[in-house]
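Reader: I'd like a close look at one part of this model. Could you walk me through it in plain words?
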Amino acid sequence: MFRVLLSIGFIGVTPLIQGHPATTVATDIPAYVRNILEQEFPNSKFERTTHFLTPSQRAKVNELMGEEPASDLIISYRVLEDSEPKATVFFDIHKVRTASETILIAVSETGAVQKLKTIAFGEPREYLPRQAWFDQFLGRKLSARLALKQDIHGVTGATITARKTTSAARRALALHRVLFGKPTAE
């Protein structure tokens, strides 16, 4: 299965292909992504960064979460308040059963889940857990206990969605730690 941790698109890939450093500025944020970010983080500014994982970064993500990242191309959005970074947002796009789901995962500067929200869900609505279920991720850092049947409770009738969401949260936390050098454990 091809899973990509991107911000809904491949805009900003050209610098990577040409072998240049891959950092972009706020004006390069697509309007639909900017709208989501502004809705979730009002009165903030945003910086988009395109990352290309090195082999050692890829291995570290694998070590931290127990699975290889599906792509070496990662796009993150830094949320700035008064020019200070407050969070890093990742959009995780993955297939649930037969359709895609897009989840916004904001990771705080301390390496904890600050916000987790479904942006798009192509499966039947009955497979989408309530927001209260998503809220159990808030404040959690990457650890072995950040798993179903550990600190994360399952959802009756939405087991695959729960598993995919938990994996997406772990992936964002691992990428945040590898890319931004944040804390190592809870």
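How are H3 and H5 oriented to each other?

Author: H3 and H5 are oblique to each other, a word used for angles that are not under 35 degrees (roughly parallel), over 145 (roughly antiparallel) or 65 to 115 (roughly perpendicular). Before going on, a word on sources: this is a predicted model, where local features need pLDDT of at least 70, side-chain atom pairs count only at pLDDT 80 or more, and totals for chains, interfaces and linings use all residues. Residues are numbered from 1 along each chain as its sequence is written, and side-chain values use heavy atoms, with hydrogens and water left out.

Now the pair itself. The axes of H3 and H5 come within 9 Å and cross at roughly 135°, with axes fitted to C-alpha atoms over the stretch in contact and angles running from 0 to 180 degrees between N-to-C directions. Helices here are DSSP runs (H or I, at least four residues).

H3 spans residues 55–65, and Val61, Leu64 and Met65 are buried in it (under 20% relative accessible area, 1.4 Å probe, protein chains only; exposed is over 50%, partly exposed in between). Seen down the axis of H3, these buried residues fall within an arc of 75°, so they line one face; the arc is taken from the directions from the axis to the C-beta atoms. The face turned away carries exposed Pro55, Ser56 and Glu63.

What covers the buried residues of H3 includes H5 (159–180), contact meaning heavy atoms within 4.5 Å. Just after H3, Gly66 takes a positive phi of about 80°.

Technical notes: Helix = DSSP H or I, 4+ residues; strand = E, 2+ residues; numbered from the N terminus.
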